[in-house]
Amino acid sequence: MKIKRLLALLLALGMLLTLLGCSGTDADADSNEIYNELADYYKQKEKNKNTTISSFSLPYLQGLTLDPITCADGTQQDIGQLLYEGLVRLSLTLEPEPVLAESWSYDAASYTWTISLRSGVTFSDGSAFTASDAVATLRRAQSSARYAGRLSQVSSVSASGSQTLTIRLNRPNSSFLSLLDIPIVKSGTEGQLVPTGTGRYTYVAASGSEGAYLTANTAWWQQQKLPMDRVNLYTCKNSDTVSYAFYAREVQLLRCDLSNTASTGTVSSGDFTDADTTILHYLGFNTTRAPFNNADLRRAVSLGIDRAGCVSSFLMGHGTAAQLPVNPASPLYPKSLDAVYSPDSFTSAVTAAGFGSDSEPVSVTLLVNSENTHKQSAAAKIAAALSTSALRVTVEAVPWSNFVSRLKSGSFDLYYGEYKMTADWDLTDLLSTSGANNYGRFSDADFAALLTAERTATDDGHTDASAKLYEAFCRQTPIAPICFARSSILTTSGAIEGLTPSLTDPFYNLQDWTIHFS
């Protein structure tokens with residue numbers, strides 16, 4: 001009955017989205033009720049607890065590399081989290097924690113990081129981990145599709161002896177350490193299908209009738225008690241067969257986007273645990289022309305966004321409302337600057353900005369990518385809430401190529417944006433005058449100076465500099481953050497307890513898991 005009810009809800013939702021189209025009108029009470037009921041479905045309130053499993057298996061795309069620098073598939077990446085470790089890892093609050101790095105220092109004058117490596121660490125084959133291994137991995141990462149962007153600020157990487165790593169940057173960044181959670185592999189093994197790592201498990205190739213699997217790394221320097229000695233690898237051909245393998249309980253863990261209703265069949269057969277991400281959803285302004293060259297109006301518009309409602313309705317609850325461009329999970333997020341959502345406060349702020357007193361409403365368009373129905377629906381909801389006697393907002397949905405070209409040419413008033421931030425919360429690309437993703441052409445000398453100060457400040461001074469930057473952000477509101485998306489880790493219903501997945505590692509604090517083996 002639950003599945004039939006869910007299918008009916010999805011059908012009704014699809015019909016409503018078709019009716020809404022791109023008109024810019026909000027969903028009515030019935031559509032909101034459907035969205036909320038779908039969100040409740042995903043909360044999975046009733047679970048079959050203490051299901052037992054005979055073994056623990058992960059999906060595996062056989063024949064594709066497990067090299068963490070070059071593999072592109074999420075399935076392989078998750079396996080890699082058990083095989084490899086980085087200099088640091090990101091905590092549940094998205095801050096760097098030492099792993100292969102033991103300590104570090106930053107010289108703000110020369111933009112230089114000096115990192116002391118942990119002694120006594122060996123790879124799974126028993127050989128010693130040294131600075132040369134870290135140098136080789138980071139240099140490869142500089143030219144890789146996955147890590148080139150975050151390492152574009154690196155001018156050189158070198159080793160001083162076997163235990164010291166020196167990284168010089170071409171611009172200030174006192175938070176650069178947050179970007180060094182890049183998995184390290186043994187130099188000289190990177191050409192192998194499965195390079196050698198220092199992680200919790202080691203890879204055992206298929207032999208005869210037995211498939212490939214992971215076994216606990218007896219040389220692991222952390223020597224923590226793990227909940228399973230063996231992890232089976234279940235061979236899948238592609239992402240579709242990965243989802244089916246989970247549904248059929250052939251595998252016990254799967255990364256999934258639960259904000260997408262297409263995942264319904266998979267999630268119905270498991271538990272989910274969300275992890276915070278750096279993926280920011282926001283409303284962008286064209287700050288070079290009226291009416292959004294007015295900072296007071298931009299601030300007013302930010303007050304008119306029902307962020308919690310957008311997360312609940314259009315991300316199915318898999319997101320965190322945010323009014324600033326830093327995830328609220330981070331200790332840097334200044335909660336004191338948050339404003340309570342209120343339509344009345346929005347209307348008052350629009351009036352105070354000088355709009356709506358004695359003229360026709362100002363008509364503006366909200367540009368959105370037509371291929372993404374979730375964003376179209378969110379844009380429609382936001383447009384309806386922002387449309388008042390002073391402002392008339394119409395949604396314009398266009399294909400992706402047109403969307404990008406319009407942003408680059410500045411042919412828009414508002415746009416619904418998504419941007420994957422780096423874990424150092426660097427706003428340079430998004431909001432600096434020369435930033436490649438500063439589509440709104442925002443430019444302010446005082447803000448630029450605060451951005452530079454935040455990138456340069458160290459220790460307690462960095463916290464103060466961040467606070468000043470975010471205060472200036474609230475005054476200027478160059479963009480209006482909506483939320484940060486959350487990723488989800490699915491596990492076999494009732495079989496595993498204690499999951500606390502991080503941004504990149506579904507096995508974060510694996511030693512705290514309880515697995516109900518039969």
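Q: Which residue in β19 is the bridge partner of aspartate 274?
A: Strands here are DSSP E runs of at least two residues, and helices are H or I runs of at least four, both numbered from the N terminus. Two strands pair if DSSP finds at least two bridges between them, and β14 (residues 270-285) pairs with β19 (residues 479-492) in the antiparallel sense over 12 bridges. Within β19, the partner of aspartate 274 is serine 488.

Q: What pLDDT do local features need in this model?
A: Residues are numbered from 1 along each chain as its sequence is written, and side-chain values use heavy atoms, leaving out hydrogens and water. This is a predicted model, in which side-chain atom pairs count only at pLDDT 80 or more, totals for chains, interfaces and linings use all residues, and local features need a pLDDT of at least 70.

Q: Which residue in β18 stands opposite leucine 283?
A: β14 also runs antiparallel to β18 (residues 414-420), joined to it by 7 bridges. Across from leucine 283, the residue in β18 is tyrosine 416.

Q: Is β14 largely enclosed or largely open, judging by its buried residues?
A: Buried means under 20% relative accessible area, exposed means over 50% and partly exposed lies in between, with a 1.4 Å probe and protein chains only. In β14, 13 of the 16 residues are buried, so the rest of the structure leaves this strand largely enclosed.

Q: How are α7 and α14 oriented to each other?
A: Axes are lines fitted to C-alpha atoms, for helices over the stretch in contact (heavy atoms within 4.5 Å), and angles run from 0 to 180 degrees between N-to-C directions. Helix α7 (residues 295-303) and helix α14 (residues 459-476) pack at about 100 degrees, with their axes 7 Å apart. Angles under 35 degrees count as roughly parallel, over 145 as roughly antiparallel, 65 to 115 as roughly perpendicular and the rest as oblique. The two helices are therefore roughly perpendicular.

Q: How many disulfides does the structure hold?
A: Cysteine 236 is buried at 6% relative accessibility, while cysteine 474 is partly exposed at 23%. Counting pairs of cysteine sulfur atoms within 2.5 Å, the number of disulfides is 0.
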